[in-house]
Amino acid sequence: MKWVLLWVAMGSGGSLTSGSAQFDTPEACAAAQKLHAGLGMKLSMTSINIRSVCVSSQNGEHKDALAN
């Protein structure tokens with residue numbers, strides 16, 4: 001089963017960009033999501049906000065590695 005990291009970056013002026021990346025395991029997807037979160041924290045000083053989630057390409061199950 002493949003996992004896809006989906007992300008959206010929102011700028012302070014309302015600009016949006018999005019992307020995706022495919023991974024073989026949920027653990028790899030979660031690791032990439034955590035890297036994106038770190039990037040988002042660095043960019044938050046410039047008013048850019050990044051949101052992401054890992055989604056199974058087989059059944060639509062989603063996992064948020066950042067959720068408690």
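Which residues does Cys 54 touch, not counting residues up to four places away in sequence? The answer is in point 5, after the layout of the chain. The model is predicted.

1. Overall layout. The chain has 1 helix and 4 strands. Going along the sequence, these elements follow the pattern β-β-α-β-β. The helix is H1, residues 26-43. Of the 68 residues in the chain, 22% are buried. The chain exposes about 4,600 Å², and 57% of that comes from carbon and sulfur atoms. Among contacts with a separation of 6 or more, 53% are between residues 24 or more positions apart.

2. The sheet. The 4 strands make an open sheet, and their order in it is S2-S1-S3-S4. The pairing is antiparallel. Strand S2 (16-23) and strand S4 (62-63) are the edge strands, each with pairing on one side only. For a reader new to sheets: strands pair through backbone hydrogen bonds, either parallel or antiparallel.

3. Strand S1 and its two partners. Strand S1 covers residues 3-10. S1 pairs with S2 in the antiparallel sense over 8 bridges. Within that pairing, Met 10 lies opposite Leu 16 in S2. S1 and S2 also form a hairpin, with 5 residues between them. Gly 14, in the turn of this hairpin, has a positive phi of about 95°. S1 is joined to S3 by 8 bridges as well, and these two strands run antiparallel. Here Val 8 stands opposite Arg 51, and Ala 9 has Ile 50 as its bridge partner in S3.

4. Strand S3 and its two faces. Strand S3 is made of residues 49-56. Which residues of S3 lie on the covered face, and which on the uncovered one? The covered face has Ile 50, Ser 52, Cys 54 and Ser 56. The uncovered face has Asn 49, Arg 51, Val 53 and Val 55. Ser 52, on the covered face, has a relative accessibility of 15% and therefore counts as buried, the cut-off being under 20%. Leaving out residues up to four places away in sequence, Ser 52 touches Leu 5, Leu 6, Trp 7, Gln 33 and Asp 64.

5. The surroundings of Cys 54. This point answers the opening question. With residues up to four places away in sequence not counted, Cys 54 touches Trp 3, Val 4, Leu 5, Cys 29, Ala 30, Gln 33, Glu 61, His 62 and Lys 63. Of these, Lys 63 is the bridge partner of Cys 54 in S4, and Cys 29 is its disulfide partner.

6. The disulfide. How many disulfides does a search of the whole structure find? The search finds 1. A disulfide is a covalent bond between the sulfur atoms of two cysteines. In this model Cys 29 and Cys 54 form the bond, with their sulfur atoms 2.2 Å apart. The pair links distant parts of the chain: Cys 29 is in helix H1 and Cys 54 is in strand S3, 25 residues apart. The torsion about the S-S bond is about -105°, so the disulfide is left-handed. Are these two cysteines buried or exposed? Both Cys 29 and Cys 54 are buried.

7. The nonpolar core. The largest nonpolar core has 5 residues in all: Trp 3, Leu 5, Cys 29, Ala 32 and Cys 54. Strand S1 and helix H1 are the elements that give two or more residues to this core.

8. S3 and S4 pair in the antiparallel sense over 2 bridges. Besides the pair of Cys 54 and Lys 63, Val 55 has His 62 as its bridge partner in S4. S3 and S4 form a hairpin with 5 residues between them, and Gly 60 in the turn has a positive phi of about 80°. Gly 60 is located in the loop between S3 and S4. Its relative accessible area is 42%, so Gly 60 is partly exposed. Gly 60 and Val 4 are 56 residues apart in sequence, while their C-alpha atoms are 9.9 Å apart in space.

Technical notes
Residues numbered from 1 in each chain as written. Predicted model: local features only at pLDDT ≥ 70, side-chain atom pairs only at ≥ 80, totals over all residues. Heavy atoms only, no water. Pairing = 2+ DSSP bridges. Disulfide = S-S within 2.5 Å. Buried < 20%, exposed > 50% of the residue type's maximum accessible area, 1.4 Å probe, protein only. Core = buried A, V, L, I, M, F, W, Y, C linked by side-chain atoms within 4.5 Å. Contact = heavy atoms within 4.5 Å. Areas by Shrake-Rupley, 256 points an atom, 1.4 Å probe, with all protein chains shown as cover.
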